[in-house]
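Q: I have a model open and want to learn how to read it. Can we go feature by feature?

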Amino acid sequence: MSEPNKGTDQKAGTAKRTTASRTRTAAGKATRQAERTARQSADGASKAKSAAAAGAEDAAQKTTGAAEAAARRLEAGRKAAAAATGQVTVAARTAWTALAHRKVLAMGVGAGATALTAASYAVGRRSGRAAQGFQGPLTRLTGGRI
């Protein structure tokens, strides 16, 4: 064979090497791009996972806070109801005592009215001697209106 045929083989071999080199370069670029995309996806997934965990923790804290506030309000309502029940009980007990001792209470009111009348009569007798004539105890008590 002649010399020019040898050169043809070389060019064909060079073309084969160039094509293989280009293929490897393109494959390397695609691999690097795929690795970069996978890393970004993993970073995004970990960020999403962290955000979801933080959101869940925040929601749990808010739920716990709301439950504690509801428990405090419930306890305050229970205390208010107990205090109101105690006040009603005291008022009922006082009313029952007054009802049960109505005779003694009536005698006390009568004695008080008698003492008031006697005191006004005695005061009126002393003041009546000095300034006015005879007046009854109710007249002196009411200032002369009755």
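Predicted model: local features only at pLDDT ≥ 70, side-chain atom pairs only at ≥ 80, totals over all residues.

Q: Which pattern does the protein chain follow along the sequence?
A: Read along the sequence, the pattern is α-α-α. Helix 1 covers residues 3-100. Helix 2 covers residues 102-130.

Q: What percentage of the residues of the protein chain count as buried?
A: Burial is read from relative accessible area: under 20% is buried, over 50% is exposed, and partly exposed lies in between. Here 4% of the 146 residues count as buried. The accessible surface of the chain is about 12,000 Å². Carbon and sulfur atoms hold 63% of that surface.

Q: Now charges. How many salt bridges does the count come to?
A: A salt bridge needs a side-chain nitrogen of Lys or Arg within 4 Å of a carboxyl oxygen of Asp or Glu. By that rule the count is 2. One joins Lys62 to Asp58, with the closest N and O atoms 3.6 Å apart. Another joins Arg78 to Glu75, with the closest N and O atoms 2.6 Å apart.

Q: Where do Lys62 and Asp58 lie?
A: Both lie in helix 1, 4 residues apart, which is about one turn of the helix. Lys62 counts as exposed because its relative accessibility is 58%. Asp58 has 35%, so Asp58 counts as partly exposed.

Q: Why are Arg78 and Glu75 separated by about one helical turn?
A: Because they are 3 residues apart in helix 1. Glu75 is at 33% relative accessibility, so Glu75 counts as partly exposed.

Q: Which residues form the positive surface patch?
A: A patch takes residues with over 30% relative accessible area and no salt bridge, and like charges are joined within 9 Å. Lys29, Arg32, Arg36 and Arg39 form the positive patch. Arg39 lies in helix 1. With a relative accessible area of 51%, Arg39 is exposed.

Q: Which residues make the nonpolar surface patch?
A: Leu116, Leu138 and Leu141 make a patch of about 290 Å². Leu116 lies in helix 2.

Q: Is Leu116 buried, partly exposed or exposed?
A: Partly exposed, because its relative accessibility is 48%.

Definitions and conventions:
Residues numbered from 1 in each chain as written. Heavy atoms only, no water. Patch = residues over 30% accessible without salt bridge, like charges linked within 9 Å, V, L, I, M, F, W, Y side chains within 5 Å. Areas by Shrake-Rupley, 256 points an atom, 1.4 Å probe, with all protein chains shown as cover. Lys, Arg positive; Asp, Glu negative; His and termini not counted. Charge placed at Lys NZ, Arg CZ, Asp CG, Glu CD. Helix = DSSP H or I, 4+ residues; strand = E, 2+ residues; numbered from the N terminus. Buried < 20%, exposed > 50% of the residue type's maximum accessible area, 1.4 Å probe, protein only.
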